[in-house]
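Open the model in your viewer and keep the selection tool ready. This tour goes stop by stop.

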Amino acid sequence: MFFKNDDKIDRRAVNIAYFATFIFWSVALLINSAFEFYNKEFISSSFIILLMGLAVFFLTEFIASKIRGFQAHK
């Protein structure tokens, strides 16, 4: 039940969201490591970075599926 296949999912929108999340986490961790090199904190918790990345994923997936839906109806 938990791992049922969803035929209505937009795979292209999910792939776009994966890529956007990867880029976000890469940039956030790079900036965070640069700040830690100078003994300062940019983002204080890894949990915050995780939550921000999940928010980026779900927002990007929602926006990409809406844009692709509008393009399909034209």
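Is Lys 66 buried, partly exposed or exposed? Select Lys 66: with a relative accessibility of 42%, this residue counts as partly exposed. Buried means under 20% relative accessible area, exposed means over 50%, and partly exposed lies in between (1.4 Å probe, protein chains only).

A word on the model before moving on. This is a predicted model, in which local features need pLDDT of at least 70 and side-chain atom pairs count only at pLDDT 80 or more, while totals for chains, interfaces and linings use all residues. Residues are numbered from 1 along each chain as its sequence is written, and side-chain values use heavy atoms, with hydrogens and water left out.

**Stop 1: the whole chain**

Zoom out. The chain has 2 helices and 0 strands. Helices (H or I, at least four residues) and strands (E, at least two) are DSSP runs, numbered from the N terminus. Along its principal axes, the C-alpha trace spans about 50 × 35 × 15 Å. The radius of gyration is 16 Å, whereas a compact globule of 74 residues would have one near 11 Å. That radius is taken over C-alpha atoms, and the globule rule is 2.2 Å times the number of residues to the power 0.38. Of the 74 residues, 16% count as buried.

**Stop 2: helix α1**

Select residues 11–37. This is helix α1, with 27 residues. From first C-alpha to last, α1 reaches 39 Å, close to the 39 Å expected at 1.5 Å a residue. The expected span is 1.5 Å times one less than the number of residues. Now highlight the buried residues of α1: Ala 13, Val 14, Ala 17, Thr 21, Ala 28 and Asn 32. Their cover includes α2.

Pick Thr 21, in helix α1. What does Thr 21 touch, not counting residues up to four places away in sequence? Look for Gly 53, Val 56 and Phe 57. A contact means heavy atoms within 4.5 Å. Thr 21 counts as buried because its relative accessibility is 5%.

Step just past α1 to Asn 39. Here the backbone takes a positive phi of about 60°.

**Stop 3: helix α2**

Select residues 46–72, which form helix α2. α2 has 27 residues and reaches 38 Å from its first C-alpha to its last, close to the 39 Å expected at 1.5 Å a residue. Its buried residues are Ile 49, Gly 53, Phe 57, Thr 60 and Ala 64. They pack against α1.

Click Thr 60, also placed in helix α2. Thr 60 is buried because its relative accessible area is 19%. Leaving out residues up to four places away in sequence, Thr 60 touches Ile 16, Ala 17 and Ala 20.

**Stop 4: two distances**

Return to Lys 66, in helix α2. Draw a line from its C-alpha to that of Ala 13: they are 53 residues apart along the chain and separated by 9.0 Å.

Next, find Asp 6 in the segment before α1. At 45% relative accessibility, Asp 6 counts as partly exposed.

**Last stop: contacts across the chain**

Residues 24 or more positions apart account for 78% of them.
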